[in-house]
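Please look over the chain shown here. The report below starts with the whole chain and then turns to single residues.

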Amino acid sequence: QGQLVESGGGLVQAGGSLRLSCAASGRSVDWTAIAWFHQPPGKEREFVAGLRWSGRTYYADSVQGRFIISRGGARSTVYLQMNSLKPEDTAVYYCAADTKSRSYDDSPLEPYEYEFWGQGTQVTVSA
């Protein structure tokens with residue numbers, strides 16, 4: 001079993017910043033890929049940012065240059081620093097992790113590619 005717990009969501013004005021945290025436990029700590037997805041109101045869940053065990057990061061075009069995914073000293077904590085927030089960033093943000101063996105250049109972008117999911121944290125950006 002594995003568990004992911006997100007925290008750090010909230011209400012912020014456009015142009016502001018938030019940092020989300022994802023705490024992994026159990027099997028999810030052995031992730032080979034960990035990512036943040038978001039689900040805006042009335043829309044499908046979408047990839048936001050990903051991190052491979054090697055340290056390589058990859059981002060959706062919509063957040064490139066504004067968001068940064070990183071991990072703490074241990075593999076059990078991953079962060080999403082969100083800067084220059086826009087109203088269209090309003091969504092529930094989910095942390096997802098997967099433990100499958102992957103090639104170095106694999107960058108999983110789809111929800112089905114991740115085994116473990118958190119419960120989500122709401123981010124609301126006001127205009």
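## The chain as a whole

Of the 127 residues in the chain, 46% are buried. Keep in mind that this is a predicted model.

What is the secondary structure made of? The chain has 11 strands and 0 helices. Read from the N terminus, the elements run β-β-β-β-β-β-β-β-β-β-β. The chain is as compact as a globular protein of that length, because its radius of gyration is 14 Å and the globule rule gives 14 Å for 127 residues. Along the principal axes, the C-alpha atoms fill a box of roughly 40 × 30 × 25 Å.

## Contacts, surface and charge

The accessible surface of the chain is about 6,200 Å². Carbon and sulfur atoms account for 49% of that surface. The chain carries 12 positive and 13 negative charges.

## Aromatic pairs

How many aromatic pairs does a search of the whole structure find? It finds 6. One of them joins Phe37 and Trp117. Their ring centres are 5.1 Å apart, and their planes meet at 55 degrees.

Why does the pair of Phe37 and Trp117 tie together parts that are 80 residues apart in sequence? Phe37 lies in strand S4, residues 33-39. Trp117 lies in strand S10, residues 116-117. The pair therefore bridges those 80 residues of sequence. Phe37 is at 0% relative accessibility, so Phe37 counts as buried. Trp117 is at 26%, so Trp117 counts as partly exposed.

Tyr114 and Trp117 also form an aromatic pair. This pair is edge-to-face, with 6.5 Å from centre to centre and 75 degrees between the planes. Is Tyr114 buried or exposed? Tyr114 counts as buried, because its relative accessibility is 4% and the cut-off for buried is under 20%. Which residues belong to the aromatic cluster? Phe37, Phe47, Tyr58, Tyr94, Tyr114 and Trp117 form one cluster.

## Gly55 and Thr57

Gly55 sits in the loop between strand S5 (46-52) and S6. At 39% relative accessibility, Gly55 counts as partly exposed. Gly55 and Ile69 are 14 residues apart in sequence. In space, their C-alpha atoms are 9.9 Å apart.

Thr57 belongs to strand S6, residues 57-59. Thr57 counts as partly exposed, because its relative accessibility is 33%. What does Thr57 touch, leaving aside its neighbours within four places in sequence? Thr57 is in contact with Gly50, Leu51 and Ile69. Ser70 is 13 residues from Thr57 in sequence, and the C-alpha to C-alpha distance is 8.2 Å.

## Ser84 in its loop

Where is Ser84? Ser84 is in the loop between strand S8 (77-82) and strand S9 (91-98). Phi of Ser84 is near 50 degrees. That is a positive value in a residue other than glycine. Ser84 has 40% relative accessibility, so Ser84 counts as partly exposed.

## Val123 in strand S11

Val123 is part of strand S11, residues 121-126. Is Val123 buried or exposed? With 0% relative accessibility, Val123 counts as buried.

Val123 and Val12 are 111 residues apart along the chain. Their C-alpha atoms are separated by 7.9 Å. Now leave aside the neighbours of Val123 within four places in sequence. Val123 is then in contact with Gly9, Gly10, Leu18 and Leu20, and also with Met82, Asp89, Thr90, Ala91 and Tyr93.

Conventions. Residues numbered from 1 in each chain as written. Predicted model: local features only at pLDDT ≥ 70, side-chain atom pairs only at ≥ 80, totals over all residues. Heavy atoms only, no water. Helix = DSSP H or I, 4+ residues; strand = E, 2+ residues; numbered from the N terminus. Buried < 20%, exposed > 50% of the residue type's maximum accessible area, 1.4 Å probe, protein only. Contact = heavy atoms within 4.5 Å. Rg over C-alpha atoms; globule rule 2.2 N^0.38 Å. Areas by Shrake-Rupley, 256 points an atom, 1.4 Å probe, with all protein chains shown as cover. Lys, Arg positive; Asp, Glu negative; His and termini not counted. Charge placed at Lys NZ, Arg CZ, Asp CG, Glu CD. Phe/Tyr/Trp six-rings, centres within 6.5 Å; stacked < 30°, edge-to-face > 60°.
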